[in-house]
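Visitor: I would like to go through this model term by term. Show me the structure, and I will ask what lies behind each label.
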Amino acid sequence: MGRTVEVRDRALSIILILILVLSAASCDNAGTSKSSSDVDHSTRYYSPYFEGFFMERGYYYQDFDSLLHFFDYGSKQSVVVCNKPHCKHERSDFTTPEHERCPAWINSLANGFVDEDKLYLILEDFDDKYGNSVIKIISSDLDRENQTEVASFEAHYSLTYAVHEHSLYGTATIIHQEPNDQGIVKPSGKTSTWLYRVDLEEHKVEELTEKRTGYSNVFDMIGVHDGRLYLRFTHSDKPYDHTKPEETEVFWKYYIYDLEEKSLSPILDEYEDHMIFTLDFADDYMVLDLSREDLNFDGINDDNNTIKEIIIKNDEIGTKTIGKTSESPKVTGGNIIFYNIEEKQWTVYDLSKDSKRTTFDFNKDIILHTAGDEYTSLIMKDVNSQEWNNALIKNNDLIKGKDNFIILP
C-alpha cells in the first residue's frame, strides 16, 4: 500500500533546510534514552541531527558556531569542549591547518554520545584515498583530547542510532550515482540502506541486515524499547520526478530488531499508509506521531506545515488520537507534551489519567528537541533579535508551563 508523497524521506529535507537556516537542529527528537516513569536505561536512543545529547553531569551541544559546547548542571555554566592551551575557540574551515583548529570544532554534520567516560562522534566525511563518502566514529576523552578513529565504513549518512552494552547500532544509507545522457554523474534515485553495529571495544563493524537497494530506500530508527529497535523502512517503485511529484508513490514498512535474538520482524502493518515520525513508550502506552493520510505528502498541508497526529495505544484503550501537532511530541514522567495546532497552545497529556492535564502559552517561538531525565533541550527565538538560541528547561517546569528557560551561550 502507498500514497502520493515526495520520494525522499521528509526527515532528510528537514535536515538540509534547517542546517542552512539554523546551522543545526531539526524538529524531531534527539538525545539519550526516552524518559518515562519506567524508562530502561540499558539502551539509549538518539535520533537525527546534532541537537545535543544528555549525560549524567551535563549536556553536550553543537552551537551555531559549529563548536562543541558542554553545559554543566552543577555550575549552570557552559564551556567550549577544548583544553588546548591558548586556543581562541574560533570557527575553522577545511582550509585551516590541522594544528590551528580548535578541537571543539566539528567540520561536518555530526551526532554523538558518551559511553564509559568516552565521548563518541559520528561524522560524515570523505575518503580522499578511495573517493568515497564515509561515516567515521571518533572516540576521545570528554574534553576532545586523544581522538581515535574507532571505525569507518562507506555511507553517505547515518542519522538514527542507539547505544547498548558498549555497542553502537545505527542505520546508514548510500546514494547511488550514475552518468546521464551528457555523461554527467548525478544521483540515480537509487539508494542502499541497512542496519549496522559497531563494537566500541573491539572496533569492529557488522552489518546486521542485508543492504536493501532500490529507489529512495531509507532505514530509520524511530524508537527503542525493551531490548528492541523500532525501524521505519521507506521505499518507492520508481525514481522521483520533480516535474510530476503527484505521480510518485512512497511506501513504508515497520520492523522490530531484537537485540538478543538478532532477528528482524515486521510490526505495525496497519500504518503502511502513514509515515510514523517517532515511536515512544511510557507506562503501558505506545506513543506514535504520524502523518495524516489525507494531506498532500508526508503530512504537509497547503500552508507548508507538517501536521502530525499523536496516537496512543495499549491493550486497554486500543488506539486513541489525542491531538494534532506540527512537531513531534515529547514524553517525560508519564506525560506527553506537544503544541496543539487546533487549540493553538501547548498541551500536557497525563497518560496515567488518560486525559489532558493542563494547557499553557509560552508566548514565544520554541521547538522542543530532547526530553532527557531532568531537562528538555530546545531552540527558541529571541523576541528582540529574532535569532534562534539553544536552550534547556527542567522537565518539571515544562510540565507545569513555567517560563524558566536557560539560554545556552
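Guide: Start with contact: it means heavy atoms within 4.5 Å. By that cut-off Asn340 touches Lys324, Gln345 and Thr347, with residues up to four places away in sequence not counted. Keep in mind that this is a predicted model.

Visitor: Why is Asn340 called buried?

Guide: Buried means under 20% relative accessible area. Asn340 has 4% relative accessibility, so Asn340 counts as buried. Asn340 is part of strand S24, residues 335–340.

Visitor: What is the overall make-up of the chain in helices and strands?

Guide: The chain has two helices and 30 strands. Buried residues make up 55% of its 409 residues. Of the contacts with a separation of 6 or more, 43% come from residues 24 or more positions apart.

Visitor: Which sheet holds S24?

Guide: An open sheet of four strands, in the order S23-S24-S25-S26, with antiparallel pairing. Its edge strands are S23 (330–332) and S26 (355–360).

Visitor: What makes S23 and S26 edge strands?

Guide: Each pairs on one side only. On average, neighbouring strands of this sheet are turned by 25 degrees against each other, direction ignored.

Visitor: How do you know that S23 and S24 pair?

Guide: Pairing takes at least two bridges between two strands. S23 and S24 have three bridges and run antiparallel, so they meet the definition. One of the residue pairs is Val331 with Ile336, the latter in S24.

Visitor: What holds paired strands together in general?

Guide: Strands of a sheet pair through backbone hydrogen bonds, either parallel or antiparallel.

Visitor: How many bridges join S21 to S22?

Guide: Seven bridges join S21 (residues 308–314) to S22 (residues 318–325). At least two are needed, so S21 and S22 count as paired. They run antiparallel. Asn314 has Gly318 of S22 as its bridge partner. S21 and S22 form a hairpin, with three residues between them.

Visitor: Ile322 lies in S22. Why is Ile322 called buried?

Guide: The cut-off is under 20%. Ile322 comes in at 14% relative accessibility, so Ile322 counts as buried.

Visitor: What does Ile322 touch beyond its sequence neighbours?

Guide: Leaving aside residues within four places in sequence, Ile322 is in contact with Ile310, Ile312, Ile336, Phe338 and Tyr349. Ile311 is 11 residues from Ile322 in sequence, and their C-alpha atoms are 6.2 Å apart.

Visitor: Are Cys87 and Cys102 buried or exposed?

Guide: Cys87 has a relative accessible area of 17%, so Cys87 is buried. Cys102 has 3% relative accessibility and so counts as buried.

Visitor: Where is Ser108, and why is Ser108 called buried?

Guide: Ser108 is in the loop between S6 (77–80) and S7 (110–115). At 19% relative accessibility, Ser108 falls under the 20% cut-off and so counts as buried.

Visitor: What does Ser108 touch?

Guide: Ser108 touches Gln62, Leu123 and Glu124, not counting residues up to four places away in sequence. Ser108 and Glu124 are 16 residues apart in sequence and 6.1 Å apart in space, C-alpha to C-alpha.

Visitor: Which sheet includes S6?

Guide: An open sheet of four strands, ordered S3-S4-S5-S6 with antiparallel pairing. Its edge strands are S3 (53–54) and S6, each pairing on one side only.

Visitor: What makes S4 and S5 a pair?

Guide: Five bridges join S4 (residues 58–62) to S5 (residues 68–72), and at least two are needed, so the strands pair. Tyr61 stands opposite His69 in S5.

Visitor: What lines the second largest pocket?

Guide: There are 17 lining residues, of which Glu98, Pro103, Trp105, Arg144 and Gln147 lie nearest its centre. The elements that give two or more residues to the lining are S8 (118–127) and S9 (132–140). The volume of the second largest pocket is about 490 Å³.

Conventions:
Residues are numbered from 1 along each chain as its sequence is written. This is a predicted model: local features need pLDDT of at least 70, side-chain atom pairs count only at pLDDT 80 or more; totals for chains, interfaces and linings use all residues. Side-chain values use heavy atoms; hydrogens and water are left out. Buried means under 20% relative accessible area, exposed over 50%, partly exposed in between (1.4 Å probe, protein chains only). Axes are lines fitted to C-alpha atoms, for helices over the stretch in contact, and angles run from 0 to 180 degrees between N-to-C directions. On a 1 Å grid over the protein atoms alone, a cavity is a set of points where a 1.4 Å probe fits but cannot get out, and a pocket is an open set with protein on both sides within 12 Å along at least five of seven lines; lining residues have an atom within 4 Å of a point. Grid points are joined across faces, edges and corners, and a volume is the space filled by probe spheres set on the points.
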